[in-house]
2 protein chains.
Amino acid sequence: MLEPLEPLIHALARLPGIGRRTAERIALRLARDRSRSMARELTAALQGLETNIICCSRCGAITTTAADPCALCTDPRRVTDLLCVVEDPSDIETIERSGAFRGRYHALMGKLSPMRGEGSRHLGVENLRRRIEEEGFTEVILALNTDVESDATAAFLREILAPLDVKITRLATGLPAGSGIAYSDPVTLSAALRGRRPM
Amino acid sequence: MLEPLEPLIHALARLPGIGRRTAERIALRLARDRSRSMARELTAALQGLETNIICCSRCGAITTTAADPCALCTDPRRVTDLLCVVEDPSDIETIERSGAFRGRYHALMGKLSPMRGEGSRHLGVENLRRRIEEEGFTEVILALNTDVESDATAAFLREILAPLDVKITRLATGLPAGSGIAYSDPVTLSAALRGRRPM
């Protein structure tokens with residue numbers, strides 16, 4: 001009975017966080033909905049994505065074709081000498097939600113991943129370097145993740161950007177707020193110890 | 001940054017098993033994929049759904065416009081005197097996977113749900129009654145769920161179908177296979193006790 005739904009199940013299972021079983025459940029629900037209202041709303045939204053939504057040509061954040069460069073790049077109330085480098089546009093959303101950063105952003109759209117054959121070329125390092133020179137940032141914060149590939153990407157960027165007259169920093173690694181030593185893993189704990197601060 | 005993605009997030013969050021956060025994550029991923037390959041595959045699959053997929057006009061199972069009535073209704077190797085009544089077409093898929101039933105199906109497309117204002121009218125009981133009379137089933141198995149609304153639906157169907165010359169049964173309620181008494185809830189346990197069988 002699922003065979004005619006295979007193309008839909010396959011398309012759904014490609015989405016992040018959706019496994020085969022969830023994809024089957026969604027496909028069945030879409031199929032049994034005789035009004036097709038769910039499927040039609042989704043189709044219309046995807047067409048809106050196709051025609052309206054782009055990544056900002058300057059920083060990579062999600063924006064509309066009508067607002068490129070995006071609001072984060074053009075907002076005059078934002079700090080203009082701090083640049084926060086992230087791996088993915090969704091990280092910009094997460095940091096914005098925290099309210100803890102008011103500067104500019106730059107999304108790399110990936111990280112060094114030799115296992116997946118992704119070298120430095122797709123990171124658009126030239127764009128990043130040009131932005132740092134032209135926009136006059138004084139500090140570049142590498143807000144990358146804390147896995148091995150992100151560590152390699154951070155080390156690579158530090159090297160590439162070293163000749164520029166800019167301070168390069170990276171987010172602190174340590175215990176998550178509201179957590180405890182009992183729940184920490186050894187790698188986090190040793191990073192927290194190495195990064196201990198006077199108080 | 002999420003604002004332009006709202007229509008897509010809304011459409012995704014309507015799908016079963018997808019909460020707001022997952023919908024946001026999916027929308028961001030679709031938006032940052034510059035090739036649009038994920039979005040396009042999904043759009044094409046949804047269009048295939050729109051043009052090809054229907055619920056079988058006889059039993060309600062998911063099928064294609066080219067195969068109506070569906071293969072389950074027309075397969076001559078299946079037992080023709082047993083009818084399995086389910087709430088939803090996806091239940092047919094689940095039962096077929098078990099391999100434990102080889103008769104015909106009938107999907108009610110819902111259940112009695114006074115809280116949601118869903119009475120008996122949308123269950124298509126007339127169709128069910130006509131099928132039982134015309135196709136000559138000797139037993140109707142109510143393969144409904146075990147919540148309060150499904151219990152009410154089963155009681156309602158038993159009453160409606162009582163005048164017909166057909167045996168009406170319902171799936172056993174009891175301990176799940178591979179589980180234990182220690183993990184059972186009181187309602188399941190008392191149902192298992194009431195349904196105890198000589199061995």
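B:Arg131 is buried at a relative accessible area of 6%, where buried means under 20% relative accessible area, exposed over 50% and partly exposed in between (1.4 Å probe, protein chains only). The model is predicted, so local features need pLDDT of at least 70 and side-chain atom pairs count only at pLDDT 80 or more, while totals for chains, interfaces and linings use all residues. Residues are numbered from 1 along each chain as its sequence is written, chains are lettered from A and ligands numbered from 1 in the order in which they are written, and side-chain values use heavy atoms, with hydrogens and water left out.

**Salt bridges**

A salt bridge here is a side-chain nitrogen of Lys or Arg within 4 Å of a carboxyl oxygen of Asp or Glu. By this rule there are 32 salt bridges over all chains. Three of them are set out below.

| Pair | N to O distance |
|---|---|
| B:Arg131 and B:Glu135 | 2.8 Å |
| B:Arg14 and A:Glu41 | 2.6 Å |
| A:Arg21 and A:Glu24 | 4.0 Å |

B:Glu135 is partly exposed at 28% relative accessibility.

A:Arg21 is exposed at 58% relative accessibility, whereas A:Glu24 is buried at 7%.

The bridge between B:Arg14 and A:Glu41 has its closest N and O atoms 2.6 Å apart. This pair crosses between chains: B:Arg14 sits in the loop between helix H1 (6-13) and helix H2 (20-32) of chain B, and A:Glu41 in helix H3 (residues 37-52) of chain A. B:Arg14 is partly exposed at 33%, and A:Glu41 is partly exposed at 23%.

**Around B:Glu96**

B:Glu96 belongs to helix H5 (residues 89-98) of chain B and is partly exposed, with 25% relative accessibility. Leaving aside residues up to four places away in sequence, B:Glu96 touches B:Leu72, B:Arg78, B:Phe101 and B:Tyr105, contact meaning heavy atoms within 4.5 Å. B:Leu72 is 24 residues from B:Glu96 in sequence, and their C-alpha atoms are 9.8 Å apart.

With B:Tyr105, the side chain of B:Glu96 makes a polar contact of 2.7 Å. A polar contact is a pair of N or O atoms within 3.5 Å; within protein, one must be able to donate a hydrogen and the other to accept it, and residues adjacent in sequence count only if both atoms are side-chain atoms.

Terms used:
Helix = DSSP H or I, 4+ residues; strand = E, 2+ residues; numbered from the N terminus.
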